[in-house]
Amino acid sequence: MRLNKFEAMKAEKDGLDIWPDLLRYAAENTPIDDIGEDELNRMKWYGVFHRPQKPGTFMLRVRMTGGAITSLQMREIAAVSRELGHGTIDMTTRQNIQLRDLRLPDIPRILERLSNVGVHSLQTGMDNIRNFIGCPLAGIDGMELFDSTPLLHAVAEAHQMAGKEMSNLPRKMNVSIAGCRDDCGHAQTQDIGFVPATTDIDGRRIAGFNVLVGGALGGSSPRLATPLDVFLRPEDVVSFFLALVRVYRDNGPREVRTKARLKRLIAEWGEEKLRAAVEAQVETSLHRAGTDERLQVAGDHLGIHPQRQVGVNYVGLHIPVGRVTADQLDELAHLADMYGSGELRLTIDQNVVIPHVPDSALSALLAEPLLATLRPNPPAVWRSLVACTGNDYCHFSLIDTKKHAFDLAADLERKGIQVPKGTRIHVSGCVHACGKHHVGDIGLQGSNIRVGSRVEEAADVYVGGKLGDDARLATKVLDNVHVEDLPVLIEALVRQRFQQTVPLSVMRLLERTNNLEAVS
């Protein structure tokens, strides 16, 4: 087998083995050019990402299993960002937190400080299993089938304990585990999605999980996850998970990196062969899928809602385009301590939930100045607005996604355009689809166009993406729309209630952009 450059890099040295060298590079403040591309890539096994567009600076991606974080942890993350970064933090669509503009000599000290409060970044990049997504309302949602929090942590611990056994996959794997009925993990977008289900075993009705596999939105052939026809009791999830990962590790395609995700193995094998291979690993027959207990696709978790516990509430706060300051994180930690139980939950829509707020404390919380910015009840256009990192920090992104998403929403709010509740507007900077534009009612994927001698920002426009029983990927309706024309186009799409064709008047308006030369 001919190895691509990444497989050759991993064959030479496992990513987990970079740690002593990372410490040495940091201690010696080794110039980036002297470290080399392979070693910089290996640093991603520890969540350390060099940012080529700002040479010498690094991003650190920290794990938040299930999106849960304590006020102590949030304060330390804020302190690190303020003291050693530039005070800006991004919430991601995988319930992670990303710190920006860090310097290599500071990385070991940062990792130690975060570890001291129980925050880690191990295997958050490259060919590893990424953060384990869960329901941000686990344990407090009165409608959930069961609280999957202990199981999430059990799977995460099993993965960490596996060490090098799980550190060289063909590509990354995304995983969600949720016992709620609202599909808070967007399981159809994951490589492996565990969704709540019930079935009869030995004459008893058992609550557990059905399994979806093969979801992946990035690249030129996005795919929604499909049923593996498997039901798992909660106590069987960890062994099943490890077995499935081993099957993928040993059989997943590695020759062409862009064709190395689990979805490619499924395309070659089919679900039945994959299930049989997992059964061989666990050495037992797997139960066929049970009754799916999901009722809907997750809402936005914003606003004030009663918990299953009497007399307390969770309050979901909107973080515009997922970007916050260190000072805002400090204030969120303070509010969680003052009005809640010192706990916060991150959502896959880049927002934050303060749980366990007593009825008697709601009025005071809502009067806090921070809630004028991080609003609990923003207009609908903001509620499910998602934007990836963008080209100010990510060298893959072709546009400034955060700015354009913010400006679009602000324009619609200013004009008083009524956006139907639940409308999802998703913005990705490139084909990697970190903004999940393929499942948005309106999705934008960044592109570049040539205007005379200048290269300017544009976007391909998608409409009609949807998760749930009648899930479908969004349809691309326009190429290379200049960013200056996006506000008019998005307004027209909203007014037309997301028809799969764009009004003729808008098409004419955009002729100038569409006749421009795309930059490949």
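This tour moves through selected residues and helix pairs of the structure, in the order of the chain.

The model is predicted, so local features need pLDDT of at least 70 and side-chain atom pairs count only at pLDDT 80 or more, while totals for chains, interfaces and linings use all residues. Residues are numbered from 1 along each chain as its sequence is written, and side-chain values use heavy atoms, with hydrogens and water left out. Helices (H or I, at least four residues) and strands (E, at least two) are DSSP runs, numbered from the N terminus.

**Stop 1: Gly 85**

Select Gly 85, in the loop between helix H5 (71-84) and strand E4 (88-91). Gly 85 is partly exposed, with a relative accessible area of 23%; buried means under 20%, exposed over 50%, and partly exposed in between (1.4 Å probe, protein chains only). Not counting residues up to four places away in sequence, Gly 85 touches Val 80, Arg 100, Asp 101 and Leu 102, where contact means heavy atoms within 4.5 Å. Then select Glu 12: Gly 85 and Glu 12 are 73 residues apart in sequence, and their C-alpha atoms are 32 Å apart in space.

**Stop 2: helices H5 and H6**

Two packed helices are described by the angle between their axes and the distance between the axes. Axes are lines fitted to C-alpha atoms, for helices over the stretch in contact, and angles run from 0 to 180 degrees between N-to-C directions. H5 and H6 pack at an angle of about 160°, with their axes 10 Å apart. The two helices H5 and H6 are therefore roughly antiparallel; angles under 35 degrees count as roughly parallel, over 145 as roughly antiparallel, 65 to 115 as roughly perpendicular and the rest as oblique. To display the contact, select Glu 76, Ile 77, Ala 79, Val 80, Glu 83 and Leu 84 in H5, together with Arg 109, Ile 110, Arg 113 and Leu 114 in H6. These residues of H5 and H6 divide into six nonpolar, no polar and four charged (Ala, Val, Leu, Ile, Met, Phe, Trp, Tyr, Cys and Pro count as nonpolar, Asp, Glu, Lys and Arg as charged, and the others, Gly among them, as polar).

**Stop 3: Thr 124**

Next, select Thr 124 in the loop between helix H6 (107-116) and strand E6 (129-133). Thr 124 is buried, with a relative accessible area of 2%. A polar atom of the Thr 124 side chain lies 2.9 Å from the backbone oxygen of Ser 121. Leaving aside neighbours within four places in sequence, the residues in contact with Thr 124 include Lys 44, Trp 45, Arg 61 and Arg 130.

**Stop 4: Val 245**

Continue to Val 245 in helix H8 (residues 237-251). Val 245 counts as buried, at 0% relative accessibility. Apart from residues up to four places away in sequence, Val 245 touches Ile 129, Met 166, Leu 169 and Met 173. Of these, Leu 169 is 76 residues away along the chain, with a C-alpha separation of 8.2 Å from Val 245.

**Stop 5: helices H9 and H10**

Select helix H9 (residues 262-269) and helix H10 (residues 271-282), which pack at about 105° with their axes 7 Å apart. H9 and H10 are therefore roughly perpendicular. Leu 265, Ile 266 and Trp 269 of H9 meet Glu 271, Lys 273, Leu 274 and Ala 277 of H10. By class, this contact of H9 with H10 has five nonpolar, no polar and two charged residues.

Conventions. Polar contact = N/O pair within 3.5 Å; in protein donor to acceptor, adjacent residues only side chain to side chain.
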